[in-house]
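User: Please take a close look at a single part of this model, the contact between two of its chains. I would like a connected account that also covers the elements on which the description rests.

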Amino acid sequence: MRIGRPVENKRKAWLAFAALAVMLLVLPFATEALLGRGWVRIVDFALLYIMLALGLNIVVGYAGLLDLGYIAFFAVGAYCYALLGSPQFGLHLPFWIVLPLGALLACVFGVLLGAPTLRLRGDYLAIVTLGFGEIIRIFLNNLNAPVNITNGPQGISMIDPIRIGGFSLNSTHELLGITFPPVHLYYYLFLGVTLLVIFVSLRLEDSRIGRAWMAIREDEVAASAMGINTRNIKLLAFAMGATFGGAAGGLFAGFQGFISPESFGLTESVMVVCMVVLGGMGNIGGVVLGGALLVLLPEALRHGAGPVQQVLFGKMLVDPESLRMLMFGLALVLVMLWRPAGLWPSTQRRRELTPGAGVAHQEQESVYDASK
Amino acid sequence: MTPRSDTLLELTGIGKHFGGLAALSDVSLHIRHGEIYGLIGPNGAGKTTLFNIITGLYQLDEGAITFDGTAYSHCKPHLLAHAGIARTFQNIRLFANMTALENVMVGRHLRTRTGIWGALLRNAAARAEERAIARRARELLHYVGIERPHQTLAKHLPYGEQRRLEIARALATEPKLLALDEPVAGMNATETESLKALLQTIRASGITVLLIEHDVKLILGLCDRVAVLDYGKKIAEGLPEEVRQNPAVIAAYLGGAAE
Amino acid sequence: MSLLSVENLKVAYGGIQALKGISLEVAPGELVALIGSNGAGKTTALKALAGLLHPAAGKVSYAGKSLHNIPAHQRVRDGLALVPEGRGVFARLSVEENLQMGAYTRNDAAQIGSDLERMYALFPRLAERRAQLAGTLSGGEQQMVAMARALMSRPKLLMLDEPSMGLAPMMVEKIFATIREISTQGVSILLVEQNARLALEAAQRGYVLESGLIALSGVSGELLGSDAVQRAYLGGGREPAGSFSLKTRD
């Protein structure tokens, strides 16, 4: 019996994995059939936000550095793509150059933000990063005079769609007798990048670098006393997170075809932080869940609130748009009350609740309180 | 090989001020290779301040420090850890939400090399290093006598084992000097005895130990030499017996415990 | 009649029983020691008595009334004060403000003023430092602040958790001398201590807690003389684990 177990578990794991893969592959078609094509576009956005949330998770979840201006890196990646691949300057550099370039530029900005804030922690760091995010947005808003670079509040339009070789994602393709509209193609590209980001996150989490991040999160002084160069390791976290944000930004610009500073405001930064915290800080599954929910839930409320009211009351009582934000806020508060560690907390946090962890929890608590 | 000096750590004329207050003034001492050196004194005498200066958490205002033949005065904690100084903390500063094993694995950080690419690609070298880190960490947990599952979160270990885990984590950095800030605070006599034996084993393996303690019995029974601080000044230094009978030390610190 | 009586107190935490049913008593004016190794449940017991943890089972009565469902702040009002392990002084408040916080449950301003002076008489060291921020005091002085703060609530029963922890020998003597003095003033004291000898020498009676159960109890002198206590808490040899050399490098 016992000997057969691991094999059986392995087979189960593979089956689950295969089922998940099939599900992810048919998801755009199923979504289109059930909810319409508009929803496939929403799913694409969800994937972009999941990438952002995963990037921020490295900074907030692993290294414990609260960054409220994270959307700035998204903006840097998006504008890099837009400026180098649109009629704005008449440049039409290929996707495989502008996307990595955007990620790299965001990485540089990550270090630029990280360097002066190394001594800050917690609320102080949050305020500085918040300022940084706003500075980037205001720059983008005002870099249209005296030399027009960003086109100011009008934003940049007619951005080149993503084209890999001769294969443009902006036109419908037929493969093996199946028709793939553009939103489906973007879905597969975003899915691939998201999976790559998940892979990178997983590998980093369980590594010497990941442990160093977590050590800094837990106790920076002790980490430095253990020989960790906290400056470099924190900069690395900022740089990695920013790189993911920049890459997501490039994809966003190519997907949307139009960007303006409005898409990179404080609300978006806060949204990404919410995804990480609500999903479960430091746990990749939780962050993915948080990202998906926070994009899909408001949309569901937007589309669902009207019809539900019609059915229940026979007329429209509250404007769905205002109801949407109200419900959304309420949902956030409720989740944080019921599951303060997030919907899907990291194994570390779950482990705290499992028995066998030691008799003397309470004896320790006061000692920790005293030291903190 | 050049004959190495007898002294591992030498402090000369150390001074440190906080605001207008002199926390330390003109403290000089030297610690020899392989000894257990005790630092005692009343609460607030400046022992932990001196510790923080030695380990780079505080910058000194006056004086000079030589460790293992190299002079330093303004040095970052992580570089000192590289040089071979490891420490524990009076208030226990473990990585509370990491497992016991991970805590010690963090201690291996500075003696290992895997970077971003190694972590991402997980090539043979990275995998081998990761295995070696985990193996070493398990050995060290066993060495300090932590028998609980190594997956237990640090904050869920009993108090005594947290103290030991801090020592294991410090040992993982392969120190030449192990600096312990009140390692037996809050332990009863039996637990203290067992920690004393552990410290003797550590010394026997060639690691020099610097110890802040209030447990007079432990200091007398364990240390080769003892220095006494009071109001930021060194008021006595010498063999434990000498220090115990020093009238200034009895007046400032030992009181009735001298008998 | 006893001031505090605990019957079969059980506390569970995260699926683990920290206290498996302990019973103890403290008579008015008595100084009782609770000793035991780390993790035995001593702090848990004090926290449960102070109302900071909810017991799974058991009866606790204080001054003839059940403490069931009485919240922590009400217990302080009724004269049950805890000095927590690690002191827990308000670091950014001055010594005097800390002491005034101790009288938070009272509203007799004149009496509070005279109690402050009594505290400064009991701890002359604090009188010298009444304007200093508590966080900048030495460990021993912080312990004094924590005790004085608790006394400001005019407790009938004072619970002390590890008052000697991290203190220099002379300071330990001072603190214990003060504990004895507080006891002679008629305040009942339940003392949790790692330093078993010190605690039993100060106390009239003692309880020995082992893995969540009372293993022994009795008059202090008897406990001090007992073989079991000698062996377990007053120092006996135990060989450490570990046989490999630290020199091996990977």
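Predicted model: local features only at pLDDT ≥ 70, side-chain atom pairs only at ≥ 80, totals over all residues.

Chain B contributes 47 residues and chain A contributes 39 residues. Together the two chains bury about 3900 Å², and 60% of this area lies on carbon and sulfur atoms. Of the area that chain B buries against chain A, 17% is supplied by His109(B), Leu120(B) and His156(B), more than by any other three residues.

The polar side of the contact can be counted as well. Between chain B and chain A there are 11 residue pairs in polar contact, with both residues at pLDDT 80 or more. Three salt bridges are found across the interface of chain B and chain A. One of the salt bridges joins Asp206(A) to Arg122(B), with the closest N and O atoms 3.9 Å apart; the cut-off for such a pair is 4 Å. On the side of chain B that touches chain A, at least two residues each come from the helices α2 (77-83), α3 (100-107), α4 (116-121), α5 (124-144) and α6 (159-171).

Chain B also contains an open sheet. Four strands form this sheet in the order β2-β1-β4-β5, with antiparallel pairing. Strands β2 (21-32) and β5 (70-72) of chain B each have a single partner strand, so each stands at an edge with one side left without a neighbour in the sheet. On average, neighbouring strands of the sheet are turned by 20° against each other, direction ignored.

Within the sheet, β1 (residues 7-18) and β4 (residues 62-67) of chain B run antiparallel and are joined by five bridges. Thr12(B) has Ala64(B) in β4(B) as its bridge partner. Helix α1 (residues 47-54) of chain B lies across β1, β2, β4 and β5 of chain B, and runs at about 120° to β1(B).

Terms used: Residues numbered from 1 in each chain as written. Chains lettered and ligands numbered in written order. Heavy atoms only, no water. Pairing = 2+ DSSP bridges. Axes fitted to C-alpha atoms, helices over the stretch in contact; angles between N-to-C directions. Contact = heavy atoms within 4.5 Å. Buried area = accessible area lost by both parts, 1.4 Å probe. Salt bridge = Lys/Arg side-chain N within 4 Å of Asp/Glu carboxyl O. Polar contact = N/O pair within 3.5 Å; in protein donor to acceptor, adjacent residues only side chain to side chain.
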